[in-house]
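Okay, thanks for coming, everyone. I'd like to walk you through one structure today, so let me put it up on the screen.

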Amino acid sequence: MEYPTGFRFYPTEEELISFYLHNQLHGLKQDKIHRVIPVLHIFDTEPWNLPQLAGELCREDREQWFFFAPMQEREARGGRPSRSLATGYWKATGSPGYVYSPDNKVIGVKKSMVFYVGKAPKGRKTQWKLNEYRAIELSPTNPNSSSSNISIPKLKREFTLCRVYVVSGTSRAFDRRPLEVVAGETTIQGGGCAASSGGRGAGCADVSSSGLVAGDVGSSNQWETASLEEPMWDWDQLNWL
């Protein structure tokens, strides 16, 4: 299938749950969906190795990657899911949040995590982050019950949908313009980095931090050790509680 120039897979959180995760849970549209969101035991793989395992239509993306994570065996037996690897671990951050449909109904839950290198609790925080989505579906009550018109919300656990991304440290992380164009505009408008607003050199800072994200995804050291500022906004700030 051919896509127009500039095509990117940027679904909303509502679309991730109501369409993609819903269809995966019910075994629908598998061939098409897995081209953008494959099934992977994501917590068995270091985050810097995940981009090359992304769906074929999203493998070249440098900002975010999506995966369906099947339920772990220990979770199916009633235990807690494992988030640890040989090189580090995923740690939950903030409180879980709800995801709403356009008509303001709760359709899912989102949990955010950060990857740490090393052993807990003294691991080193990296810029790799993950949003884990679980769907909430309404199950009808017993038809013989007097309250048969009431549906009970049920958290689906067979699959979660995971959005993996890298904190870029720049407010233009989702700017589609080539870096050389942005650098040229900064030079023309401000006469160089020193002339930027506040003397901070926004253009140069953007180019350097975005260049890290656009680097070789096969280099674990590059992903692990970079020290970046916190972005002006983050997915973790979008909690709906």
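Let me start with a question: in the hairpin of β2 and β3, which residue takes a positive phi? That's Asn 104, with a phi near 70°, and the hairpin has five residues between the strands.

Before I go on, some housekeeping. This is a predicted model, so local features need pLDDT of at least 70 and side-chain atom pairs count only at pLDDT 80 or more, while totals for chains, interfaces and linings use all residues. Residues are numbered from 1 along each chain as its sequence is written, and side-chain values use heavy atoms, with hydrogens and water left out.

Now the overall layout. The chain has six helices and six strands; these are DSSP runs numbered from the N terminus, H or I of at least four residues for helices and E of at least two for strands. Reading from the N terminus, you get α-α-β-α-β-β-β-β-β-α-α-α. There are 241 residues in the chain, and 43% of them count as buried. Buried here means under 20% relative accessible area, exposed is over 50%, and partly exposed is in between, with a 1.4 Å probe and protein chains only. As for contacts, meaning heavy atoms within 4.5 Å, take those between residues at least 6 apart in sequence: 65% of them join residues at least 24 apart.

Strand β2, residues 88-100, and strand β3, residues 106-117, run antiparallel and are joined by 10 bridges; to call two strands paired, DSSP has to find at least two bridges between them. Tyr 89 stands opposite Tyr 116 in β3.

Okay, charges. Side chains of opposite charge can pair when their charged atoms come close. We count a salt bridge when a side-chain nitrogen of Lys or Arg is within 4 Å of a carboxyl oxygen of Asp or Glu, and that gives seven of them.

Next, Arg 157 with Glu 75, at 3.8 Å, N to O. This pair links distant parts of the chain, 82 residues apart: Arg 157 is in the loop between β5 (151-155) and β6 (159-166), and Glu 75 is in helix α3, residues 73-76. Arg 157 is partly exposed at 38%, whereas Glu 75 is buried at 14%. Both of them belong to a network of salt bridges that also takes in Arg 134.

Then there's Glu 158 with Lys 156, the closest N and O atoms being 3.8 Å apart. Glu 158 is partly exposed at 41%, and Lys 156 is buried at 15%.

What the side chain of Glu 137 does make is a polar contact with the side chain of His 26, at 3.0 Å. That term means a pair of N or O atoms within 3.5 Å; within protein, one must be able to donate a hydrogen and the other to accept it, and residues adjacent in sequence count only if both atoms are side-chain atoms.

That's it from me; over to you.
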